[in-house]
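Student: I would like to learn how to read the features of a protein model, one step at a time. Could we go through one together?

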Amino acid sequence: MIKEKERGETTEYVYNLLKEMIVQWRLSPGEKINISHLTREINISAIPLREALSRLHSEKLVILEPNKGYRVSDILDNDNMIKMLEARILMETHAVRDIIRNNHISVTEKMAQLTEQMSSMVIGSSYKKVLEFTHLDEQFHYTLLNAAGNPFLSEAYEGMHCHLHIARFYHVKGKVDQKQAPAEHMEIIEAIRTRDIYRAEMAIINHIQDSGHRLLDNSEK
C-alpha cells in the first residue's frame, strides 16, 4: 500500500508530468484523456493520476465532461487571448498605481530577482524549462498584484491562470520571450523605483500588449 506521503509525492510527479505533456502538446488541445492508457504509459496507479487530473482541472488545463471523462482543454483563440490580456492590463495598471501611492517600492527587489532568474535560464528545447520560465514570469506578475494589498484582486488574477495559457502558446511559437520579457520587466521595475505612475502604467500596457502580439503573430504562422 502506498503511504500518504509517498502518494502525495507520486501525485506531484504525475501532475508535473501531465502538465509538461499538455504544454508540449503530447496531449493535444481537445484530446480525450484515456486513463487506462496513461496508467500503463506512466506506470502508475489510477489514484494519483485522477488526483493529478483533478488539480489540472482546477487550473483549466483539462475539462471533466459528464459521462465522458477528462479531455485536454482547448487553447485560447485569438479573440479570447486578447480579452485576457485586456483584463490583465486593467488589473496590473491598478496594482502598480497602488504600489507607488502606498510606497511599496521594496517589492521591486523580488521582482528584479525573478527577472534575473528568467534572463539567466538555459532553456534549449526542454519543455520542463519552458514551464520553469513561465512560472518565474507568472511569479513576477503575481508579486506585482500581491503588493497592491488587495486580496480580491490577487485571487482574481491567480484564478485566470494567464501564464498557463501562455505556456501552451509557446509550443506554436517555438520559443519563449527570454530576451524581450525580462527587458520589459526591468522597465516596469525602474518606473516603480522612480515612483513614476504614468511611466509604470505605460510600461505595464506596452509589456502586456507586446507580449500578446509576439504570441499571436507566431501562433498564426
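**Reading burial, cores and salt bridges**

Tutor: Let us begin with one side chain: Glu184 is buried, with a relative accessibility of 16%, and please keep in mind that this is a predicted model.

Student: Which residue does Glu184 meet in a salt bridge?

Tutor: The side chain of Glu184 meets that of Arg214, with 2.9 Å from N to O. Glu184 belongs to helix α9 and Arg214 to helix α10, so this pair ties together parts that are 30 residues apart in sequence. Arg214 is also buried, its relative accessible area being 15%.

Student: How many salt bridges does the count come to?

Tutor: The count comes to twelve salt bridges. One of them joins Glu41 and Arg26, whose closest N and O atoms are 3.8 Å apart. Because Glu41 lies in helix α2 (residues 35-42) while Arg26 lies in the loop between α1 (4-23) and α2, the pair links parts that are 15 residues apart in sequence.

Student: Are Glu41 and Arg26 buried or partly exposed?

Tutor: Glu41 is partly exposed, with a relative accessible area of 44%, and Arg26 is partly exposed at 43%.

Student: What about the salt bridge between Asp74 and Arg71?

Tutor: Those two side chains meet at 3.9 Å, N to O. Here the partners fall on either side of the 20% cut-off for being buried, because Asp74 is partly exposed at 47% relative accessibility, whereas Arg71 is buried at 19%.

Student: Now I would like to turn to nonpolar side chains. What is the general idea?

Tutor: In soluble globular proteins, nonpolar side chains tend to be buried together. In this model the largest nonpolar core has 49 residues, and the members that touch the most others are Met81, Met84, Met111 and Ile192. The elements that give two or more residues to this core include α4 (78-101), α5 (107-120) and α10 (197-219). There is also a second, separate core of 20 residues, and among its members are Leu17, Met21, Leu38 and Ile42.

Student: Which residues does Met81 touch, leaving out those up to four places away in sequence?

Tutor: With those left out, Met81 touches Leu76, Phe169, Leu215 and Leu216.

Student: Could we finish with His163? Where does His163 lie, and in which helix?

Tutor: His163 lies in helix α8, which covers residues 162-173. With a relative accessibility of 2%, His163 counts as buried. Not counting residues up to four places away in sequence, His163 touches Arg88, Thr134, Asp137, Glu138, His141 and Tyr157.

Conventions:
Residues numbered from 1 in each chain as written. Predicted model: local features only at pLDDT ≥ 70, side-chain atom pairs only at ≥ 80, totals over all residues. Heavy atoms only, no water. Helix = DSSP H or I, 4+ residues; strand = E, 2+ residues; numbered from the N terminus. Buried < 20%, exposed > 50% of the residue type's maximum accessible area, 1.4 Å probe, protein only. Contact = heavy atoms within 4.5 Å. Core = buried A, V, L, I, M, F, W, Y, C linked by side-chain atoms within 4.5 Å. Salt bridge = Lys/Arg side-chain N within 4 Å of Asp/Glu carboxyl O.
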